[in-house]
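Me: I would like to learn how to read the charged pairs and the packing in a protein model, beginning with the general idea and then turning to the case at hand. Could you take me through it step by step?

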Amino acid sequence: MKAMKYKNIKRRCIFALGAIVVSLGACKKDGFLDVPNKQTLNNQSTFASQNNADLFINDIYNQLPDGNNDYQALDQYADNSFCGAAWENGQATVRAGSINPSNVPTGPGGMWDWKGTYTKIRKCNVFLKEAATNKANYSDTWYQQRVAEVTYLRAYFYSLLFTSYGGVPIITVPLDNRDGSDIFGARASIDQTLAFIEADCDAAAAVLPAKASETGRASKGSALALKGWVELFAASPLVNTGNDASKWAKAASTNKQLIDLGTYSLFNTTATSYADQFLGPNNWNSETIFARGYATGPAKGSHREGYLGPVYVNGVQQSWGNLAPTQGLVDDYAMDNGLPISDPASGYNPQKPYEKREPRFYQSILYDGSSWQGDIFKSRIGGSNQIDLGSTSDISNTGYNARKTLDESITGQTSINLAPSFANYIIFRYAEVLLSYAEAQNEAVGPDNTVYDAVNKVRARSALPAVKSGLSKDQMRDYIRRERRIELAFEDKRWFDIRRWKITTGTNGVLTSAVYGMKIEPSGGSLTYTPVKIFTNLFFDYQNWMPIPQDVMDQNKKLVQNPGY
């Protein structure tokens, strides 16, 4: 058990209770913070006017995943990051192969928690029912807009269930058993659940503007991004076991619709825009399609720097170090000539492993010798953040800490105590859409010019040369998967990707292979670099789908558990 995290859990909870995390951004401009006590409102008063109904909608937005305020980053579940605290879900449950109906891991902030997500869906259904009943109280423009927004939010919450459990019960009205009604339903099939999400996305996209006029609200772009994502998931090997090319083509078409809107573009104003887009001053930039925003001011933002940053800075223990990149992730960053380190022509030197790497590496990873807040990060033996091979402290077990998504201007202790960061938690951004289109189009028809164009746009933003021409479908697939891993690292995407690609298990399964870090030893004025095994993973193929929680199964006898549990 890592000492500092354990000692600070109670303190973290106290600050979390005091924090007011607001889902919609630009709050001073839009007035989204003026939320009275909900207990003073009943349905009649809540939906009596547009202003009151907006408060109810704002509370639904506030149910979006709060990925910036969870000390267990989702990349700990996957192969991008490791956390040495043996009691945390990443190590104790997921990497130990012990997922079962009694301990279902639910991701940052309970992202796909079964009961919690259905509570959020109920809020959406309540609004849709009550807004229709009270339609005369609203302008037609407001009504159409807000119904479309909430329809999108319902689809988003269903997507979290769909990509975790598969087919789930579809509920479209607020259930109430006080009149003797049966509130329990059977699971819809995977295809039926997908079709429901697609239909909600289509209904929302038909009404919403291409880009929301008020930051933080749903838009046509966010509806298409969500639809394209669930279609990509459904086209992938986990679901599309027969590799039906038409499913890939459908996902490609939806992502292409979003690209063709011409509304979004890669944020590319400086050489470090790739990482800078995740900082508060760049909220709602040209690349952001949908995000959870935060209010400005103490205790209203996130604790991300304190939970995930490097442990020791300038001799002071600052953070909990809960985002420790694995050697496997580090090795997937290309050289600055665009070649993977495994290519003999790349110029990679294993005894100078951090030289001449691609720009995203330097913007994403804190490695031995890199700078942070005026200090030098030293994970070498004898260094201030010496690799913790015994898992006795909060210091990284891999010899690395993440840099991307962290604000260097915020110290760890300030972050833990005050939650001062108002940086968005980005849910969909344009680079992901480009890579999703490239993947789906490549699987549907092979690497045509549009596939190259989408991948190369992402690479060009980070000063990487274009992918070489003449690749086969299989070769392009490898490029796209590597690009997706690197481009979207630490954005809570990898867990879903490794499952849908079905690469978690098997001979080279990413969750059945060992986890490595980098042991660096000073010797005669130089440093010696040795990859070292730090953990042996255990995972089973059936765990690519989460089990329905046992207490839910006990309540609803119509449910059928996922195979293997």
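Reply: Let us begin with a term: a salt bridge is a side-chain nitrogen of Lys or Arg within 4 Å of a carboxyl oxygen of Asp or Glu. Please keep in mind that this is a predicted model. By that criterion, the side chains of Arg500 and Asp497 meet in a salt bridge, with 2.9 Å from N to O, and both residues lie in helix α19 (residues 494–500), three residues apart, which is about one turn of the helix.

Me: Are Arg500 and Asp497 buried or exposed?

Reply: Buried means under 20% relative accessible area. Arg500 has a relative accessible area of 0% and is therefore buried, and Asp497, with 3%, is buried as well.

Me: Which parts of the chain does the salt bridge between Glu483 and Arg360 tie together?

Reply: The closest N and O atoms of Glu483 and Arg360 are 3.1 Å apart. Glu483 lies in helix α18 (residues 473–487) and Arg360 in helix α14 (residues 359–364), so this pair ties together parts that are 123 residues apart in sequence. Both Glu483 and Arg360 are buried, and both belong to a network of salt bridges that also includes Glu287, Lys404 and Arg459.

Me: How should I read the salt bridge of Lys227 with Asp202?

Reply: Here the closest N and O atoms are 2.8 Å apart, and the pair links distant parts of the chain, with Lys227 in helix α9 (residues 220–235) and Asp202 in helix α8 (residues 190–205), 25 residues apart. Lys227 is buried because its relative accessible area is 11%, whereas Asp202, at 37%, is partly exposed.

Me: How many salt bridges does the structure hold?

Reply: The structure holds 40 salt bridges.

Me: What lies around Ser273, a residue of helix α11?

Reply: Leaving aside residues up to four places away in sequence, Ser273 touches Phe267, Asn268 and Gln363. A polar atom of the Ser273 side chain also lies 2.8 Å from the backbone nitrogen of Thr270. Ser273 has a relative accessible area of 0%, so this residue counts as buried.

Me: Which residues form a nonpolar patch on the surface?

Reply: Leu538, Phe540 and Tyr542 form that patch, with about 240 Å² of accessible area together. Tyr542 lies in the loop between β12 (526–536) and α20 (550–555), and its relative accessibility of 32% makes it partly exposed.

Terms used: Residues are numbered from 1 along each chain as its sequence is written. This is a predicted model: local features need pLDDT of at least 70, side-chain atom pairs count only at pLDDT 80 or more; totals for chains, interfaces and linings use all residues. Side-chain values use heavy atoms; hydrogens and water are left out. Buried means under 20% relative accessible area, exposed over 50%, partly exposed in between (1.4 Å probe, protein chains only). A polar contact is a pair of N or O atoms within 3.5 Å; within protein, one must be able to donate a hydrogen and the other to accept it, and residues adjacent in sequence count only if both atoms are side-chain atoms. Contact means heavy atoms within 4.5 Å. Patches are made of residues with over 30% relative accessible area and no salt bridge: like charges are joined within 9 Å, nonpolar side chains (Val, Leu, Ile, Met, Phe, Trp, Tyr) within 5 Å. Accessible areas come from the Shrake-Rupley method with a 1.4 Å probe; for residues, only the protein chains shown count as cover. Helices (H or I, at least four residues) and strands (E, at least two) are DSSP runs, numbered from the N terminus.
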